[in-house]
Amino acid sequence: MNNVLLPLSVGIPLLTTVVILLIGKFWKSIGTLLAPICGLITLIFAISLLDVPAGTYWMGGWPPPFGIVLVIDSLTKVLLLAVNLISFLALIYSVSYMQKYTAVAKYYALFLLMLVGLNGVVLTGDLFNLFVFLEIASIASYALVGFGVEHEELEAGFKYLILGSVASTAILVAIAIVYSLTGTVNMADAARFVVNMGMNKALLFAAALFIFGFSLKAGLVPFHAWLPDAHPSAPAPVSAMLSGVLIKVLGIYAMMRVVFSVFGAPAELLNIILWLGVISALVGVFLALGQYDIKRLMAYHSVSQIGYVAIGIGLGTPLGIAAGLFHLFNHAIFKSLLFLDAGSLESATGTRDLRQMGGLMKKMPVTSLATVTGSLSIAGVPPFNGFFSKLLIILAAIAAKQYFIAAIAAFVGLLTLASFTKVMRFSLLGPLPDIYKKLHDAPFTMLFSLVTLSILCFVIGIFYPFFMDSLFNPAAAAILDQTKYISMIIGG
Amino acid sequence: MTVYILDFIIFAIGIYSLIAKRHIIKKIIGMVLIEYSTNLFLILIGFRYGGIAPILSPDMNSVQFSQCAVDPLPQALVLTSIVIGLGTLALMAAYTMKLYEKYKTFDMCEIKRLRG
């Protein structure tokens, strides 16, 4: 099939990064000009790749398993759309948000490098290539977390750096073990060996290392310690990317690709993912209840919602995986909406503490409406998208006879509602402190992203059967079918 | 077999240094030891005792070559991994410099503003 849009999705942001770094020495606002255009180009590629049939691209013309192969199937299309949509909106938001930071050209270069890594992880069909792109995205995000070089940003960034590097090393050791057993790093070829050989103890050890590494990148409990420090400290559009896209692509998608397509989803591994998800959902929401820093509260909720996605994936049934992917997509949209809202509130009031805010609905109407939309979506209130995806996960748990897990999921949803009611009450309602009398709403480019994401929350909620049938059910069917994946890449 | 055990000992020393030492530079050295032991593990997988370097000389055909050469693919993977480790080390060193500027200490136990 050789669709040339696949390497271009990785190559164009990379080229733009180099151009921004070279010209940025002379013309400081080159990043503000080029980066949103690059984001728009990759978004157009992602949308136009939605209706191509599943296929591959052989890098350099070398056939697999000798060369690196880029793969697109239904699961890849969903994630490619999510990544490029959120990064385009975050780049538009950055145009006015980053005006209070210095070295803005380097920010755009690092952001586009992160986009290169994310697109690469989603598209690759080769285990070591997955590791390389994972490291590109991770190292760019380590630098972006500490971008505003104050005390807390540096501490958070350093912690994230060390923990993320340990996880990446574990993934590399696991790739080494898979190579020593199967003689290949191509995912489809390794899958063929696993199908013939069956899971032995060495492969289980490699799978355990993979799950450790990817769970740390995803922020599942007990590997979440970096997340509540790193996500608040980053600039708001980077927080939206980290929480909205990075933990899903580097964590959940990579874990799915390895566990389902390479190892064939044995029941032990799915059980581990399921219970990691349950623990994350509970611990995340309980730790979020006591927070007053708005971004730290949202970071703990990210841990909890990724637990929901892991529950959906760990169930292993087609409905469960489709529901998990639907929740992943919805969480990308409403969590980045919430983080961009928090950034807008923070840049207007100068603080992230909920106790010092109040009554902002009168002065910032568009931001308040967007915050209300995001809070209702994440809390699972109909007709927004969060309600339908959480409902589908609970129904999938009941259908798989896991009643205890369904009850926990419903309980966590209730606590999420309580937590975001607190956010809305403290930040938007109540009396307006005197120091905020002269506030006005955010600039147009920031409001554009907020309004677009809010409209998407509403539309995806109302028309959810259309999205489920066209995007998420095919994705679940594609990831569960290991033989079709193998035959698509190396032909039987 | 002994080589693998020695490699694992390097990994264990690296983890010990990363966890138990308080000085940031010692933690970074532990991280570097972990990365190097992983690279060594990758090379050891492709190693063959008494093998030749994977360069095809004109008087050899490909069957002889594949029977007596060490595996070149892990060597290529390790080259990439070493460069990634270099990038991470540069970022760690930059963070250490900036952390010292702000907190005036190298002791990680003093750098604890973010909690809860």
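This is a predicted model: local features need pLDDT of at least 70, side-chain atom pairs count only at pLDDT 80 or more; totals for chains, interfaces and linings use all residues.
Lys437(A) has a salt-bridge partner, Asp434(A), with N and O at 3.7 Å. Asp434(A) itself is exposed, its relative accessible area coming out at 62%.

Okay, zooming out for a second. Over all chains, the structure holds ten salt bridges. I'll just walk you through some of them.

Next up is the pair I'd like you to look at in chain A. Asp229(A) and Lys159(A) form a salt bridge, and their closest N and O atoms sit 2.5 Å apart. Asp229(A) belongs to helix α9, residues 227-233, while Lys159(A) belongs to helix α6, residues 151-182, so this pair ties together parts of chain A that are 70 residues apart in sequence. What about burial? Asp229(A) is at 2% relative accessibility, and that counts as buried, because the cut-off is under 20%. Lys159(A), on the other hand, is partly exposed at 26%.

Over to chain B now. Here Lys98(B) and Glu101(B) meet through their side chains in a salt bridge, 3.7 Å from N to O. Both residues are in helix α4, residues 72-103, and they're three residues apart, about one turn of the helix. As for accessibility, Lys98(B) is partly exposed with a relative accessible area of 31%, and Glu101(B) is partly exposed too, at 46%.

One last thing, back in chain A: Lys159(A), Asp229(A) and Arg296(A) are joined into one network by salt bridges that share partners. That's it from me.

Note on methods: Residues are numbered from 1 along each chain as its sequence is written. Chains are lettered from A and ligands numbered from 1 in the order in which they are written. Side-chain values use heavy atoms; hydrogens and water are left out. A salt bridge is a side-chain nitrogen of Lys or Arg within 4 Å of a carboxyl oxygen of Asp or Glu. Helices (H or I, at least four residues) and strands (E, at least two) are DSSP runs, numbered from the N terminus. Buried means under 20% relative accessible area, exposed over 50%, partly exposed in between (1.4 Å probe, protein chains only).
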